[in-house]
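Hi there,

Here is the structure I promised to pass on. Have a look at it first, and then read my notes below.

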Amino acid sequence: MTAGMASYIARNKFRPNPEWQKTVVTAPDASNPFRIVYTHTGADRKPHPMINKRFPLVLMLEPLHTCNLTCTGCGRIREYESTITQKLSLQQCLDAVHECGAPIVSICGGEPMLYPELGPLTAKLIEENKTIYLCTNGMFIQKRLKEFKPADKFFFNVHLDGMEKNHDIAVEREGVFREASKGQGRQAGRFPRLHQHHRLQRDGHERDRRDV
Ligand code: SF4
């Protein structure tokens with residue numbers, strides 16, 4: 001844990017922001033997305049020990065829902081079909097970051113590399129000393145890498161579904177694994193921070209488990 005993160009947690013534990021300490025209700029409250037809803041109402045019901053010490057650690061910022069791929073089983077592009085063409089403005093993204101206040105911003109989607117203002121957005125987050133996780137399928141790293149400033153707290157998080165054969169089956173397109181790998185090669189030269197997020201299936205992917 002970094003010193004900045006430790007101090008953020010300590011500060012909020014001892015002096016929690018009143019904005020996040022709203023009264024807990026049993027019915028969903030759309031105006032307070034940070035609520036902790038009780039799962040049962042019996043006499044033994046006890047409040048969560050952190051109930052009056054709530055504060056956000058990670059903001060999942062989704063500037064858009066659209067994606068360049070149509071992976072098997074992706075709920076995002078199917079469940080959000082009605083808003084698939086919409087995107088937030090840069091100012092709306094920054095307003096969400098400021099309102100939330102979390103020290104970590106995970107930028108996801110959809111495919112965030114399709115967001116035209118991703119360069120200015122990440123530059124502004126670096127200026128504000130946020131830790132950034134840019135979650136991507138890796139297809140546009142080569143094309144857009146020059147738009148980003150390297151920083152210690154800027155991580156690329158490339159999502160893969162195993163090794164080449166299984167990944168390309170899962171995303172329903174040949175060559176995607178190779179393209180993502182090329183992008184990671186280019187990225188590694190300029191950016192020291194890279195995570196791979198592998199989703200391994202239970203059935204028949206033993207070789208992937210070993211190779212990953
Ligand atoms: S890359 Fe991600 S968002 Fe895009 S279709 Fe695949 S699972 Fe869905």
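In β4, F156 is the bridge partner of L134. That bridge belongs to a parallel pairing of β3 and β4, which runs over 5 bridges. Please keep in mind that this is a predicted model.

β3 also pairs with β2, again in the parallel sense, here over 4 bridges. To get from β2 to β3 the chain passes through α4, and this β-α-β crossover is right-handed. If you want to find one of the contacts between these two strands, look for I104, whose bridge partner in β3 is T131.

Is β3 mostly covered or open? It is mostly covered, with 6 of its 6 residues buried. In a regular strand, side chains alternate between the two faces of the sheet. Here T131, Y133 and C135 are buried on one side, and I132, L134 and T136 are buried on the other.

Now for the core. The largest nonpolar core has 24 residues, and those touching the most other members are V105, I107, I132, Y133, L134, V176 and A180. At least two residues of this core come from each of β2, α4, β3, β4 and α7. Leaving out residues up to four places away in sequence, Y133 touches I104, S106, I107, F155 and N157.

Last, the ligand. Among the residues around it are C67, C71, C74, R76 and E111. By class, its shell has 6 nonpolar, 4 polar and 2 charged residues.

For the whole chain, count 8 helices and 5 strands; of its 212 residues, 22% are buried.

Enjoy exploring!

Technical notes
Residues are numbered from 1 along each chain as its sequence is written. This is a predicted model: local features need pLDDT of at least 70, side-chain atom pairs count only at pLDDT 80 or more; totals for chains, interfaces and linings use all residues. A residue is near a molecule or strand if its C-beta atom, placed from the backbone, lies within 6 Å of it. Ala, Val, Leu, Ile, Met, Phe, Trp, Tyr, Cys and Pro count as nonpolar, Asp, Glu, Lys and Arg as charged, and the others, Gly among them, as polar. A nonpolar core is a set of buried Ala, Val, Leu, Ile, Met, Phe, Trp, Tyr and Cys residues joined through C-beta atoms within 7 Å. A residue is buried if 20 or more other C-beta atoms lie within 10 Å of its own, exposed if 12 or fewer, and partly exposed in between; C-beta atoms are placed from the backbone. Two residues are in contact if their C-beta atoms, placed from the backbone, lie within 7 Å. Two strands pair if DSSP finds at least two bridges between them. A crossover is right-handed if, with the strands pointing away from the viewer, the path from the first strand over the helix to the second runs clockwise.
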